[in-house]
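Hi everyone, thanks for coming along. I'd like to walk you through one structure today, so please have a look at it first.

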Amino acid sequence: MRFVIQVVSEADVKVDGEIKGKIGKGYMVLIGVGKEDNKEMCDKMVEKMLKLRIFQDENGKTNLSLKDVEGELLLISQFTLYADCKGQNRPSFMKAGAPDVANELYEYIIDKCRESVKVVERGVFGADMKVSLVNDGPFTIILDSNELFSK
């Protein structure tokens, strides 16, 4: 599983010109589900993301979590995070999870985040989405379950 976490001052996602999700200060997160992922991995990734201390404190140090700043979440599914560009010039997506499983885990992640975060907005799984954001910092973190939790 891969999360690309961007600290934002605002972000939104549109489908067919209609806003489907919009947040203020918080994280805009691109979520990629791999073939081997499951709910246990979702739990670990969500816990790690929510505990990250990447907002600035009063001294300008990255020392505050999303909860500390009462931040919001915009969660966007993105299978292209599993693009394999090693071969030809056209990426392969064979490592991405099957759409039905990926959607189930995406919905699970949204529900899990809503247990801890007041405002959790979302994109539309499988849709052609237009994402706009103001990256604050800029500050972007990539969480990869294979790097974080492999034995």
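**A loop, a strand and a helix pair**

Let's start with Ser-65, which sits in the loop between strand E5 (62-64) and strand E6 (72-77). On naming: helices (H or I, at least four residues) and strands (E, at least two) are DSSP runs, numbered from the N terminus. Before I go on, this is a predicted model, in which local features need pLDDT of at least 70, side-chain atom pairs count only at pLDDT 80 or more, and totals for chains, interfaces and linings use all residues. Residues are numbered from 1 along each chain as its sequence is written, and side-chain values use heavy atoms, with hydrogens and water left out.

So, is Ser-65 buried or exposed? With a relative accessibility of 9%, Ser-65 counts as buried. The scale here is under 20% relative accessible area for buried, over 50% for exposed, and partly exposed in between, with a 1.4 Å probe and protein chains only. Leaving aside residues up to four places away in sequence, Ser-65 touches Leu-50, Lys-51, Leu-52, Arg-53 and Phe-55; contact means heavy atoms within 4.5 Å.

Glu-70 belongs to the loop between E5 and E6 as well, but at 69% relative accessibility Glu-70 counts as exposed. Its backbone deserves a look: phi of Glu-70 is near 50°, a positive value in a residue other than glycine. Asp-16 also has a positive phi, of about 50°, although it is not a glycine. You'll find Asp-16 in the loop between strand E1 (2-15) and strand E2 (18-23), and its relative accessibility of 79% makes it exposed.

Why mention these? Most residues other than glycine have a negative phi, and most peptide bonds are trans. Pro-138 lies in strand E8 (residues 129-144).

Now follow the chain into E6. Of its 6 residues, 5 are buried, so E6 is largely enclosed by the rest of the structure. Which strands does E6 pair with? One is strand E3 (residues 26-32), in the parallel sense over 6 bridges; another is strand E7 (residues 120-122), also running parallel, with 3 bridges. Two strands pair if DSSP finds at least two bridges between them.

Beyond E6, in the loop between E6 and H2, comes Ala-98, partly exposed with a relative accessible area of 39%. The C-alpha atoms of Ala-98 and Lys-67 are separated by 32 Å, and the two residues are 31 residues apart along the chain.

Last, the helices. The axes of helix H1 (residues 39-51) and helix H2 (residues 99-114) come within 10 Å and cross at roughly 40°. That makes H1 oblique to H2, given that angles under 35 degrees count as roughly parallel, over 145 as roughly antiparallel, 65 to 115 as roughly perpendicular and the rest as oblique. From H1, the contact is made by Lys-39, Cys-42, Asp-43, Val-46 and Met-49, and from H2 by Glu-104, Leu-105, Tyr-108, Ile-109, Lys-112 and Cys-113. These residues divide into 7 nonpolar, no polar and 4 charged.

Notes: Axes are lines fitted to C-alpha atoms, for helices over the stretch in contact, and angles run from 0 to 180 degrees between N-to-C directions. Ala, Val, Leu, Ile, Met, Phe, Trp, Tyr, Cys and Pro count as nonpolar, Asp, Glu, Lys and Arg as charged, and the others, Gly among them, as polar.
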